[in-house]
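Morning, everyone. I have one model to go through today, a few places in turn. Let me put it on the screen.

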Amino acid sequence: MELVIENIVSGYDQADVLSGVSLHVPEGQITCLLGSNGAGKTTLIRAILGLTPARSGRIRFGAADITHEPTHRIAALGVTCIPEGRRVFPRMSVMENLRVGSYTDTNRQAVEKRLEEVFAIFPRLHERAEQLAGTMSGGEQAMLSIGRGLMSGPKLLIVDEPSLGLSPLFVKENFKVIQRINELGVTVLLVEQNVRQTLAIAHRGYVLSQGRIVAQGDAAQLRDNEEVRAAYFGS
Ligand SMILES: Nc1ncnc2c1ncn2[C@@H]1O[C@H](COP(=O)(O)OP(=O)(O)OP(=O)(O)O)[C@@H](O)[C@H]1O
Ligand SMILES: [Mg+2]
């Protein structure tokens, strides 16, 4: 389902972080949101999830107006977020972490099928199913956090800076995985600072700067965009 954000204002306490952000995530595509530290990317995700509710503007997911819905109801519509910094449960096994991702789902068959799908995407998680998550490498924990997100059977997967702090090899692998998940039919909103690799897999995207959208277009247009070049490619 598509996500449509219209003119959202949101922030913390007295300060607005987002001053009128509009953004469209078409069904079936990878849409990216680029922006440097403090631009407001995570705040926008929090607004979508109902964690930092919009002060004005509108957020629609498919036919549903979710602007003022509580977080659990937004999640129940199929919106799943893989948070910044991954946050797996370190003292739980890989398998237990994955099952947490689907604990509200009472359809056992669907859950088992998803587990198989996750293991097909991440054979390494299968091999390490009984290992404590906290003893795995950063890259493996990143896989686990994505796997856990998939266990909820998302329609829209929001990924907050998946490449942060990962080695180049894992970054590459992670981006490939996100592309594969999209090809399996999941709509993706990919929030990143890694411009090159993000634009290599995204269909279209937006650039957020100080709480405003300063550029948008398809991936090729963004690669050629002056603002993007100046901010990220140093030319
Ligand atoms: N919980 C909070 N309370 C108050 N201010 C916050 C809070 N979280 C973020 N901010 C402020 O909101 C602004 C935007 O932060 P946000 O985390 O949305 O940026 P970001 O684009 O996700 O940055 P990064 O790339 O570092 O994750 C920053 O000025 C930040 O200091
Ligand atoms: Mg952030």
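Leaving aside residues up to four places away in sequence, Ile59 touches Ile5, Ile8, Ala47, Ile48, Ala54, Ile66 and Thr67. Touching, or contact, is taken here as C-beta atoms, placed from the backbone, lying within 7 Å. This is a predicted model, where local features need pLDDT of at least 70 and side-chain atom pairs count only at pLDDT 80 or more, while totals for chains, interfaces and linings use all residues. Residues are numbered from 1 along each chain as its sequence is written, with chains lettered from A and ligands numbered from 1 in the order in which they are written.

Ile59 belongs to strand 4, residues 56-61. Helices (H or I, at least four residues) and strands (E, at least two) are DSSP runs, numbered from the N terminus. Is Ile59 buried or exposed? It counts as buried, because Ile59 has 25 C-beta neighbours inside 10 Å. The cut-offs are 20 or more other C-beta atoms within 10 Å for buried, 12 or fewer for exposed, and partly exposed in between, with C-beta atoms placed from the backbone. From Ile59 to Lys113 there are 54 residues along the chain, and their C-alpha atoms are separated by 31 Å.

Next, Val207, in strand 9, residues 204-209. Val207 is buried because 23 other C-beta atoms lie within 10 Å. Not counting residues up to four places away in sequence, Val207 touches Leu34, Gly35, Ile213, Val214, Ala215, Glu227 and Val228.

Ala, Val, Leu, Ile, Met, Phe, Trp, Tyr, Cys and Pro count as nonpolar, Asp, Glu, Lys and Arg as charged, and the others, Gly among them, as polar.

Last, a helix pair. The axes of helix 6 (residues 138-150) and helix 7 (residues 168-183) come within 10 Å and cross at roughly 15°. Axes are lines fitted to C-alpha atoms, for helices over the stretch in contact, with angles from 0 to 180 degrees between N-to-C directions. Helix 6 and helix 7 are therefore roughly parallel; under 35 degrees counts as roughly parallel, over 145 as roughly antiparallel, 65 to 115 as roughly perpendicular and the rest as oblique. On the helix 6 side, Gly139, Ala142, Ile146 and Leu150 meet Phe170, Asn174, Val177 and Ile181 of helix 7. Those contact residues divide into six nonpolar, two polar and no charged.

Key:
Two residues are in contact if their C-beta atoms, placed from the backbone, lie within 7 Å.
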